[in-house]
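This report describes a ligand site and an aromatic pair. The sequence and structure are shown first.

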Amino acid sequence: MGRVIALISGKGGVGKTTITANLGIALAKRGLNVCLVDADIAMANLSLILNMQNSPITLHDVLLGEATVQDAIYDGPAGLKFMPSGLSLENYRRVDSERLQSIIESIRPLFDFVLLDCAAGIEKNVMEAVSASDEVLLIAMPTSPSIADVLKAKITAQRLGSKPIGILVNFVRAEKGEIKKDDIMKMLELPVLATVPYDDEVRRTTMQEKPEPLILSRPGSPAAVAIQKAAAKLAGLPANVEAPSGEGFLSGLLNRIASIFKGKPKGQENGSA
Ligand SMILES: Nc1ncnc2c1ncn2[C@@H]1O[C@H](COP(=O)(O)OP(=O)(O)O)[C@@H](O)[C@H]1O
Ligand SMILES: [Mg+2]
């Protein structure tokens, strides 16, 4: 039976959608069966990050009873499956998230992980998604207001019977005034699964003409490395995050130097396998 994990936060803009996409791809790259569901049915944008915005049938149609679950599941990157939400406001107005739980229940047996990208806050659609989950992953920034919001989200999840399993601290800049990992753990009484640094590459990958998730386009960038480690922890796998090839001049050079010292055969200098 698959694990259904809702990614929630207090406010928007903390990186839930970015983390959902990249965590899902990282899990899929480790050979796990993953389905990402865009449960942010009002402000759906997971499909944009995955560059899969042209999916004709969506979770909206399934919630409306106008399509089957299978019709709304698509092949995504790295072998994962993806259930988008519709981008049209027109459809959203007619949608009721009440049937989300039964939809998620029906796909659970097919996957190792079902990740639900949730809306911000604790409004009805978020509550439905959390109720459909077994576990929640809290996404926070290292600031007091964000941690306070996340505490409310944690309590809400517990009341709905979903287990908070940890915090992923995003946008970490290691600046003065940021709340430290240990203090966040103490305040929320939960483990920090990963601290993900602020990384310009995240925005760059979404702004390029053909968006490609960070884990695929820049697997060696600091945020991608942190997310891959979080995925390994989540799945209980060793965190053997590979040094990727083609990471620009400097790391390519470093790889070559390393291969000279390690005496790898010619032709495998950049090999990450
Ligand atoms: N670690 C990071 N470093 C830099 N930018 C980030 C990082 N995480 C997310 N972002 C950017 O922040 C914005 C909000 O992220 P998003 O995932 O949409 O948040 P949410 O889903 O919580 O609203 C996006 O433009 C995204 O590219
Ligand atoms: Mg989002």
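An oxygen atom of ligand 1 lies 2.7 Å from a polar backbone atom of G13, a polar contact being a pair of N or O atoms within 3.5 Å. The model is predicted, so that local features need pLDDT of at least 70 and side-chain atom pairs pLDDT 80 or more, whereas totals for chains, interfaces and linings use all residues. Residues are numbered from 1 along each chain as written, chains are lettered from A and ligands numbered from 1 in written order, and side-chain values use heavy atoms, without hydrogens and water.

| Residue and atom | Distance to an oxygen atom of ligand 1 |
|---|---|
| G13, polar backbone atom | 2.7 Å |
| G15, polar backbone atom | 3.0 Å |
| T17, polar side-chain atom | 2.9 Å |

Taken alone, ligand 1 exposes 560 Å², of which the protein buries 83% (Shrake-Rupley method, 1.4 Å probe).

The shell around ligand 1 divides into five nonpolar, six polar and three charged residues, with Gly counted as polar. Of these 14 residues, G13, K16, T17, T18 and N170 come nearest (a heavy atom within 4 Å counts as near). Helix α1 (16-29) gives the largest share, three residues; β7 (163-172) and α9 (200-207) each supply at least two. Helices are DSSP runs of at least four residues, strands of at least two.

One aromatic pair is counted (ring centres within 6.5 Å; planes under 30 degrees apart are stacked, over 60 edge-to-face, the rest tilted). The ring centres of F171 and Y198 are 6.1 Å apart and the planes at 35°, so the pair is tilted. F171 belongs to strand β7 and Y198 to the loop between β8 (192-197) and α9, 27 residues apart.

Methods: A polar contact is a pair of N or O atoms within 3.5 Å; within protein, one must be able to donate a hydrogen and the other to accept it, and residues adjacent in sequence count only if both atoms are side-chain atoms. Rings of Phe, Tyr and Trp (its six-membered ring) pair if their centres lie within 6.5 Å; planes under 30 degrees apart count as stacked, over 60 as edge-to-face and the rest as tilted.
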